[in-house]
Amino acid sequence: MSLTYDLDKAIRKVPNYPKEGILFFDITSILTNPEAFHFCVDRMVEIYKDTEVAAVAGIESRGFIFAAPLADRLGIPLILVRKAGKLPGETWRQDYRLEYGEAAVEIHKTDVPAGKDVLLIDDLIATGGTLSAARSILEKGGATVKNVFGVIGLSFLNFQDKLPGIEVTTLINYEGEEM
Ligand code: AMP
């Protein structure tokens with residue numbers, strides 16, 4: 001597998017979804033394209049294979065899809081950051097605002113490796129609000145987040161402002177909504 005791939009072509013863009021004015025970047029068209037999906041996982045492994053992290057944390061639900069193969073390939077634990085009300089054990093919880101709406105995330109307290117670094121993964125980084133909330137619950141449990149990864153970044157939404165002190169890596173970044 002080559003380490004270059006035209007990921008832009010593999011991403012379906014849907015205007016005015018789920019609301020008027022939002023350009024939706026649809027990763028299902030990456031998942032149905034084995035070459036594109038394999039490229040993403042290989043690149044993530046390449047980027048993080050020498051980074052000292054105790055666990056990979058994936059954000060529900062599309063973040064799980066990319067976090068799971070990475071955790072497996074790195075041979076480290078996978079932690080699930082879930083929408084509120086889905087985890088049966090004791091949790092840390094954080095409410096936050098989305099690009100469109102409001103939400104809350106939770107994590108099992110027992111899953112957080114206190115005193116260690118965790119790599120946070122989502123499919124797409126828009127405002128950075130979700131990842132910032134996920135960072136908060138990991139930090140409530142005593143872990144540190146120095147690295148965040150998204151397959152797609154929408155830097156025109158200024159996600160870096162919500163993720164101070166964090167190295168944010170994306171495989172493809174969009175600086176504006178024009179296609
Ligand atoms: P944010 O918290 O604003 O960074 O939003 C990130 C989450 O919302 C990610 O889990 C994305 O899956 C989803 N999301 C936000 N905006 C978009 C968009 N324009 N296209 C596709 N997914 C999006």
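Leaving aside neighbours within four places in sequence, which residues is Arg82 in contact with? In this predicted model, Arg82 is in contact with Glu60, Phe64, Leu87, Ala104, Val105 and Glu106. One of these partners, Glu60, also makes a polar contact with Arg82, side chain to side chain, at 2.9 Å. Arg82 belongs to strand β4, which covers residues 78–83. Between Arg82 and Ala133 there are 51 residues in sequence, while their C-alpha atoms are 11 Å apart in space.

Arg135 counts as buried because its relative accessible area is 16%, under the 20% limit.

Aromatic rings are the next topic. The whole structure holds five aromatic pairs. Among them is the pair of Tyr17 and Phe24, whose ring centres are 5.1 Å apart. The planes of these two rings stand at 85°, so the pair is edge-to-face. Phe24 is buried, whereas Tyr17 is partly exposed.

Another ring, that of Trp92, has the charged end of Lys109 over it, 4.3 Å from the ring centre.

The table lists the relative accessible areas.

| Residue | Relative accessible area | Class |
|---|---|---|
| Phe24 | 13% | buried |
| Arg135 | 16% | buried |
| Tyr17 | 44% | partly exposed |

Notes. Residues numbered from 1 in each chain as written. Predicted model: local features only at pLDDT ≥ 70, side-chain atom pairs only at ≥ 80, totals over all residues. Heavy atoms only, no water. Buried < 20%, exposed > 50% of the residue type's maximum accessible area, 1.4 Å probe, protein only. Phe/Tyr/Trp six-rings, centres within 6.5 Å; stacked < 30°, edge-to-face > 60°. Lys NZ or Arg CZ within 6 Å of the ring centre and 35° of its normal. Helix = DSSP H or I, 4+ residues; strand = E, 2+ residues; numbered from the N terminus. Contact = heavy atoms within 4.5 Å. Polar contact = N/O pair within 3.5 Å; in protein donor to acceptor, adjacent residues only side chain to side chain.
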